[in-house]
Amino acid sequence: MKLRHVVCSCLLMLAWIPALAGAAEVTATLDRDHVQLGETVTLNVRVDGDTGGVATPDLRALAPDFQVLSTSQNSSLSVINGRASSALVFGVALRPRHTGTLQIPALSVAGGRTAPLQLEVAAPDPAAAAATHQDVFMESQVEPAQGYVGQQLTYAVRLYYAGRIGGDAPDMPQIDGVEVSPLGKGLNYDTVRGGRSYHVLELRYALIPQHAGRIEIPAMDFQGEAADPRDPSSFFGATVPVSASAPAQTIEVKPAPAGWGASAWLPARQLSLGLDGWPTAQDAPPRVGQPLNLTMDLQATGLSYEALPALSLPPLDGATVYPDKPVAGNRQDGQWITGRRQQAFAIVPERAGTLTIPATTLKWWNVLTDRMEVAQIPAHTVTVLPAVGTAAASPAATVPAAHGEVPALTATAAMPATPWRRIALASFGLWLLSVLAWWWWRRRRASPMPVPVAARPSARSGRLAFLAAARGNDPAAQVRTLLAWARAERPMIQHLGELSAALDDAAQRGAIAALQQRHYAGTPLPDSGANTGTNLAQAFKRGFAWRAAEATGEDTGLPPLYPFKLH
């Protein structure tokens, strides 16, 4: 009995062979013929008949319009009414790259060709996705919807997901003619859409258009995995692919208004320009040779610091301006960039009197009101006092001699005309003259050397002290010892500006300029290095090269170090 059953089975298998040896039949179908951009569609390629040795079809023809996410294959063998049949199905998960009517061309497989297919791809509709309670969908938004060249726009992309998903966040968009930079690291929060709770990942980007015209922002895509809803309790955590797409956006970019001119184009939401450090009424007035430290600050919301102009002060009459190293950078609040430039200055007055810093203006375009505005630093004026110890000598240089005698005459007129006071003063004067005469006679007998020779050691020691300081790295000590040496030879010298004006050697004047830059601005000149002290000592090793008396009136003002001016 068993032998008969085995023989029947073998005869039945032999009967299947002719059926399996028939020619293969190839067909292709789509699980849907209408999808939204960001959704996936499955292409099924079925081979019926001889499935032995059938290779996976060549899918390269799909690349222009589709992204191939994954491929799979499934084979089956069935017997119906005594007839055996086999089938092999290739499943291809596709994701459309753009909207429109997309063609799936004929594919060659198992010696046959499939019929071409057509797929309609519509733009994503986040509202419809929320209304239909989709598990994953995306939104995008541009604020404002239009702007100017160079103006910052904020582009936000939001990914909504109802359950746990895995996958990489959408890549940063690549937009022709637009500078793109991220704003923060992303936001995570929960919200309700269409009566359903969703987790939200929001990414924000700063967009700065580089030219006028219409700019297209492509759709943003997400591809990930979610737990398989058909097998939520799977021990191995079965997942299914999920994807979504944010709609493409279009923005209109306008050029700068006609007639703006050659000034820097500054489209901003807010802009401020200020100057801090100016003496108040409670502060002591500045003096000749004492630095006045000021800081200019420029900030603009909606502009990067690279778009802001460099800051400077114009040449000042009666003072030298020494700029410090500029400071610049950006900060952001998650939505807008704020660029900032800051420049510190040391202003060293060179003569007593009135010092004026003229007004500084900067025009910019307010994108909120769509009109031009002007930021301004008003003019500042301050009275500079003479250097310490020269209060009486300074007015004589600027006031006529007849007027200079007025204080002395007034003081004399105020003295009471009492005879006994005059007698006392006369007696004291005679006694003082007799003492001085006796002292001079005794000193002349003890040493015939003239008194002026006693000043020479002071100049020599001052020179040695300066050369020692020049070999160090302390600009303050170098300034102090250089002025002390100069005053030993020219007592009227009060500050480095006067010393430079009194010298006839260009190398010595250049060394003083470099010393002033290091002392007041706090940074060396671009061409200075470790040999700064050696160069300073070298310039003065033979002593001061004083100008002739008739040449001291020449103009020795330093040129501005930063010629840029705000308009």
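Start with the surface. The protein chain exposes about 32,900 Å², and carbon and sulfur atoms supply 56% of that area. Accessible areas here come from the Shrake-Rupley method with a 1.4 Å probe, and for residues only the protein chains shown count as cover.

A word on the source. This is a predicted model, where local features need pLDDT of at least 70 and side-chain atom pairs count only at pLDDT 80 or more, while totals for chains, interfaces and linings use all residues. Residues are numbered from 1 along each chain as its sequence is written, and side-chain values use heavy atoms, with hydrogens and water left out.

Now the overall build. The protein chain has 11 helices and 30 strands. Those are DSSP runs numbered from the N terminus: helices are H or I with at least four residues, strands are E with at least two. Of the 567 residues, 36% count as buried. Buried means under 20% relative accessible area, exposed means over 50%, and partly exposed is in between, with a 1.4 Å probe and protein chains only. Take the contacts with a separation of 6 or more: residues 24 or more positions apart account for 70% of them. Contact means heavy atoms within 4.5 Å.

Next, the cores. A nonpolar core is a set of buried Ala, Val, Leu, Ile, Met, Phe, Trp, Tyr and Cys residues joined through side-chain atoms within 4.5 Å. Which members of the largest one touch the most other members? They are Leu271, Met296 and Ile347, out of 30 residues. Several strands each supply at least two residues of this core, including strand 22 (270-276) and strand 26 (337-349). Strand 23 gives the most, with five residues. Apart from this core lies another, of 26 residues, among them Ile175 and Ile251.

A cavity, on a 1 Å grid over the protein atoms alone, is a set of points where a 1.4 Å probe fits but cannot get out; a pocket is an open set with protein on both sides within 12 Å along at least five of seven lines; lining residues have an atom within 4 Å of a point. Grid points are joined across faces, edges and corners, and a volume is the space filled by probe spheres set on the points.

The second largest pocket has a volume of about 700 Å³. Its lining has 35 residues, and Asp135, Val136, Pro241, Val242 and Ser243 lie nearest the centre. Strand 19 brings the largest share, six residues. By class, the lining divides into 19 nonpolar, eight polar and eight charged. Ala, Val, Leu, Ile, Met, Phe, Trp, Tyr, Cys and Pro count as nonpolar, Asp, Glu, Lys and Arg as charged, and the others, Gly among them, as polar.

There is one cavity of 30 Å³ or more. The largest cavity has a volume of about 40 Å³. Pro144, Arg269 and Trp336 are among the residues that line it.

Last, the backbone. Pro144 is joined to Glu143 by a cis peptide bond, with omega about -10°. Pro144 lies in the loop between strand 10 and strand 11 (146-148). Ala110 has a positive phi, near 55°, and Asp370 has a phi near 55° too. Most residues other than glycine have a negative phi, and most peptide bonds are trans. Ala110 is partly exposed, at 35% relative accessible area. Asp370 is also partly exposed, at 38%.
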